[in-house]
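User: Could you take me through this model feature by feature, giving the general idea before the particular case?

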Amino acid sequence: MMKASADTSVDTSTTKTAREASADISVDTSTTKTARELFTDYMVAHKCRKTPERYAILEEIYAEQKHLTVKTIHDNLREKKYRVSVAALYNTMQLLMDAGLVLKHNFNGEEAQYERVYGYELHEHLICRQCGKVEELVEPKISKVVKNACRVKGFREESRLFYVYGMCARCQKKKNRINILKQIKKIKTHGKS
Ligand SMILES: [Zn+2]
Ligand SMILES: [Zn+2]
């Protein structure tokens with residue numbers, strides 16, 4: 001595969017490949033189309049340039065059902081032959097957040113992660129402090145409680161950041177195994193003395 005960084009000249013055939021590449025992202029097209037329209041409306045209202053790169057960033061985020069770092073988005077776009085600088089990418093991410101289409105997370109105080117908002121069910125996040133794994137939790141009962149509370153206060157909910165910090169099942173198992181091994185070692189040493 002040809003690397004986008006290999007040449008600096010603007011090549012129309014490369015641009016075409018990039019456009020074609022964006023067409024075969026498998027997504028729920030109805031949601032993406034509406035998110036696209038909302039993004040267009042926002043950019044028109046705020047006099048922002050509607051570039052193919054900006055739409056490609058939107059599509060990249062809406063194609064993924066997980067949390068993405070700016071680095072991953074940048075790498076994916078490069079693979080699809082889009083030339084977007086990191087600064088331009090951050091700029092568009094800010095636009096998408098301002099437009100209410102993308103949500104930014106900072107799960108572990110490390111690299112920020114982004115996810116789509118529009119047409120995507122509000123959910124909770126279970127974050128393991130040990131391995132950093134983030135699991136999504138869709139619990140209708142929580143949603144019901146929050147929705148009711150918002151209704152009582154006359155508040156219109158747009159997004160929700162609900163984090164539960166702790167230890168995942170795998171890390172707990174691992175920790176238990178280590179503890180058992182430590183105990184066995186202790187018994188053995190005591191037995192010798
Ligand atoms: Zn874990
Ligand atoms: Zn999420």
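Analyst: What follows is a reading of a predicted model, taken from its overall layout to single residues.

User: Let us begin with the layout: how many helices and strands does the protein chain have, and in what order do they run?

Analyst: The protein chain has seven helices and five strands, and from the N terminus on these elements run α-α-α-α-α-β-β-β-β-α-β-α. Of its 193 residues, 15% count as buried. Among contacts between residues at least 6 apart in sequence, 58% join residues at least 24 apart.

User: Where should I look for the largest nonpolar core, and which residues have the most contacts inside it?

Analyst: The general idea is that in soluble globular proteins nonpolar side chains tend to be buried together. In this model the largest nonpolar core has 20 residues, and those with the most contacts inside it are Ile-57, Leu-58, Ile-61, Ile-73, Leu-77, Leu-101 and Val-102. At least two residues of this core come from each of helix 2 (29-45), helix 3 (52-63), helix 4 (70-79), helix 5 (86-98) and strand 1 (102-105), and helix 3 gives the most, with five residues.

User: Is Ala-35 buried or exposed?

Analyst: Ala-35, which is found in helix 2, is buried, because 25 other C-beta atoms lie within 10 Å. Beyond its neighbours within four places in sequence, Ala-35 is in contact with Leu-58, Tyr-62, Leu-101, Tyr-118 and Gly-119. The C-alpha atoms of Ala-35 and Val-117 are separated by 9.2 Å, although these two residues are 82 residues apart along the chain.

User: How do I read the two sides of a helix, and which residues of helix 5 are buried?

Analyst: An α-helix has 3.6 residues a turn, so residues three or four places apart point the same way. In helix 5, Leu-89, Thr-92 and Leu-96 are buried, and they cover an arc of only 65° around the axis, which puts them on the same side of helix 5. On the other side, Ala-87, Gln-94 and Asp-98 are exposed. The buried residues of helix 5 pack against helix 3, helix 4 and strand 1. As for its length, the 13 residues of helix 5 should span 18 Å at 1.5 Å a residue, and the end C-alpha atoms are 18 Å apart, which agrees. Helix 5 is followed by Gly-100, whose phi is positive, near 75°.

User: Where do residues other than glycine have a positive phi, and are Lys-47 and Lys-81 buried or exposed?

Analyst: Most residues other than glycine have a negative phi. Lys-47, in the loop between helix 2 and helix 3, has a positive phi of about 55° although it is not a glycine, and with 6 C-beta neighbours inside 10 Å it counts as exposed. Lys-81, in the loop between helix 4 and helix 5, has a positive phi near 70°, yet Lys-81 is buried, with 22 other C-beta atoms within 10 Å.

User: Finally, in what order do the strands of the open sheet lie, and which of them stand at the edges?

Analyst: Three strands form this open sheet in the order 4-3-5, and the pairing is mixed. Strand 4 (134-137) and strand 5 (163-166) each have a single partner strand, so one side of each is left without a neighbour in the sheet. Neighbouring strands are turned by 25° against each other on average, direction ignored. Strand 3 (residues 124-128) and strand 4 pair in the antiparallel sense over four bridges, and Ile-127 stands opposite Val-134 in strand 4. These two strands form a hairpin with five residues between them, and Gly-132 in the turn has a positive phi of about 85°.

Notes:
Residues numbered from 1 in each chain as written. Chains lettered and ligands numbered in written order. Predicted model: local features only at pLDDT ≥ 70, side-chain atom pairs only at ≥ 80, totals over all residues. Pairing = 2+ DSSP bridges. Axes fitted to C-alpha atoms, helices over the stretch in contact; angles between N-to-C directions. Core = buried A, V, L, I, M, F, W, Y, C linked by C-beta atoms within 7 Å. Buried ≥ 20, exposed ≤ 12 C-beta atoms within 10 Å, placed from the backbone. Contact = placed C-beta atoms within 7 Å. Expected span 1.5 Å × (residues − 1). Arc of directions from axis to C-beta.
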